[in-house]
Amino acid sequence: HSRHLFSFCHFSTVFLFTIMGCLNSKEKKPADSAAASGGGGGGLAKMDSYEQLNATGNTPPSTPAPPAKSAKKPPSLAKRREKLMNEVPREILKERAILRNIDSQTISRFVGDLNGIDIAVDGLVDSQLLVFDITAQVQIDEAKNSTILIGPCDGSVFIRNCNDCTMFIAASQLRTRDCENCTIYLYCPTEPVIEMSHGMKIGSWNVAYPGLQRLFDELDFDPLENKCYQIHDFTPNHESLPPVHWHRVSDADIRDAQREYNPEQGEPYDGEEPVNPVPIPTSPMGIAEERDQVEKENSEQEALNSAVPIDENAIDIEFED
């Protein structure tokens with residue numbers, strides 16, 4: 001009996017290993033055939049697949065990962081910023097990033113000019129400032145009767161003491177202080193902040209230019225997460241200000257004010273057309289009816305604010321210098 005039992009166990013073991021060997025050979029065939037069809041690159045493809053999966057802590061599959069796309073991924077913003085600061089003289093960078101007392105001029109900063117450095121503006125009168133490149137932080141003081149475009153900003157855009165300007169801003173955060181009668185077409189994934197400001201008009205971002213989608217992707221800006229109308233007013237009832245501090249721009253006026261740029265300088269985009277990742281709002285009602293509806297909403301908000309008593313302890317947060 002023991003001899004029969006040993007024979008049976010031996011046969012079962014051999015049979016089990018045979019079955020496992022067949023299954024393993026079937027699983028390996030696609031990888032082997034892929035390596036054979038790839039010639040000398042088969043082994044490299046396996047190594048790439050292993051390296052990629054090993055980085056995530058997973059085991060490599062039996063088949064190689066699909067080949068990478070031919071388009072090269074642009075270097076990270078930090079690397080491009082470091083490269084810019086190492087290769088461009090400090091004085092030139094200073095000229096690009098610090099602007100003072102600009103009068104009746106058009107100033108442009110193209111993609112590749114800034115690569116994520118800060119920019120500061122002090123004094124902009126009857127002028128245009130067009131920043132197409134990514135910035136880390138933007139500060140604008142004393143702008144009057146000017147047009148300002150700030151492309152994707154990784155941090156905050158601070159607007160102070162600005163009057164009668166039209167602005168197009170895409171930023172992680174927006175803060176205004178002591179501003180009057182400015183219209184801002186905005187993309188902002190966080191609540192914009194206004195302080196000691198009035199006569200402000202806020203609408204959705206409505207600018208298109210080549211490569212803009214790529215810049216949005218680089219900063220992980222979700223075009224559908226636009227909180228441009230979720231305004232946080234730090235001084236809602238300040239006695240020195242009119243009762244209403246901001247109004248919403250109608251969708252019709254946002255469409256009418258659309259801008260499209262196609263700058264000839266800057267990094268090439270292989271003939272890409274101007275694009276705006278942020279959807280332009282649409283309305284089923286007619287333009288006249290839509291504007292009447294917005295005026296009604298704004299009037300209701302004005303009446304509501306007028307009825308609220310002044311808060312003597314209103315929060316007043318100062319900007320950092």
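**Reading side-chain pairs in a predicted model**

Modeller: Glu-87 counts as exposed, at 53% relative accessibility. The cut-offs are under 20% relative accessible area for buried, over 50% for exposed and partly exposed in between, with a 1.4 Å probe and protein chains only. This is a predicted model, in which local features need pLDDT of at least 70, side-chain atom pairs count only at pLDDT 80 or more, and totals for chains, interfaces and linings use all residues. Residues are numbered from 1 along each chain as its sequence is written, and side-chain values use heavy atoms, without hydrogens and water.

Biologist: Which side chain meets Glu-87 in a salt bridge?

Modeller: A salt bridge is a side-chain nitrogen of Lys or Arg within 4 Å of a carboxyl oxygen of Asp or Glu. Here the partner is Lys-83, at 3.1 Å from N to O. Both residues lie in helix α3, four residues apart, about one turn of the helix. Helices (H or I, at least four residues) and strands (E, at least two) are DSSP runs numbered from the N terminus. Lys-83 is partly exposed, with a relative accessible area of 47%.

Biologist: How many salt bridges does the structure hold?

Modeller: There are eight. One of them joins Arg-80 to Glu-218, with the closest N and O atoms 2.5 Å apart. This pair links distant parts of the chain: Arg-80 is in helix α3 (residues 77–87) and Glu-218 in helix α5 (residues 212–218), 138 residues apart. Arg-80 is buried at 10%, whereas Glu-218 is partly exposed at 26%.

Biologist: With which residue does Glu-195 form a salt bridge?

Modeller: With Arg-177, the closest N and O atoms being 2.7 Å apart. Glu-195 belongs to strand β9 (residues 193–195) and Arg-177 to strand β7 (residues 166–177), so the pair ties together parts 18 residues apart in sequence. Glu-195 is buried, with a relative accessible area of 1%, and Arg-177 is buried at 12%. Through salt bridges that share partners, Arg-177, Asp-178 and Glu-195 join into one network.

Biologist: By what is a pair of aromatic rings described?

Modeller: By the distance of the centres and the angle of the planes. Rings of Phe, Tyr and Trp (its six-membered ring) pair if their centres lie within 6.5 Å; planes under 30 degrees apart count as stacked, over 60 as edge-to-face and the rest as tilted. This structure holds seven aromatic pairs. Phe-110 and Phe-132 form a stacked one, with 5.9 Å centre to centre and 10° between the planes. Phe-110 lies in the loop between β2 (106–109) and β3 (119–125) and Phe-132 in the loop between β4 (128–131) and β5 (138–144), so the pair ties together parts that are 22 residues apart in sequence.

Biologist: Is Phe-132 buried or exposed?

Modeller: Phe-132 is buried, at 3% relative accessibility. Its ring also pairs with that of Tyr-261: the centres are 5.6 Å apart and the planes at 70°, so the pair is edge-to-face. Tyr-261 sits in the loop between β14 (259–260) and α7 (287–307), 129 residues from Phe-132. Phe-110, Phe-132, Tyr-209 and Tyr-261 form one aromatic cluster.

Biologist: Which side chain does a polar contact join to Ser-204?

Modeller: A polar contact is a pair of N or O atoms within 3.5 Å; within protein, one must be able to donate a hydrogen and the other to accept it, and residues adjacent in sequence count only if both atoms are side-chain atoms. Ser-204 is joined to Asn-226 at 3.4 Å. Ser-204 lies in strand β10 (residues 200–204) and is buried at 7%.
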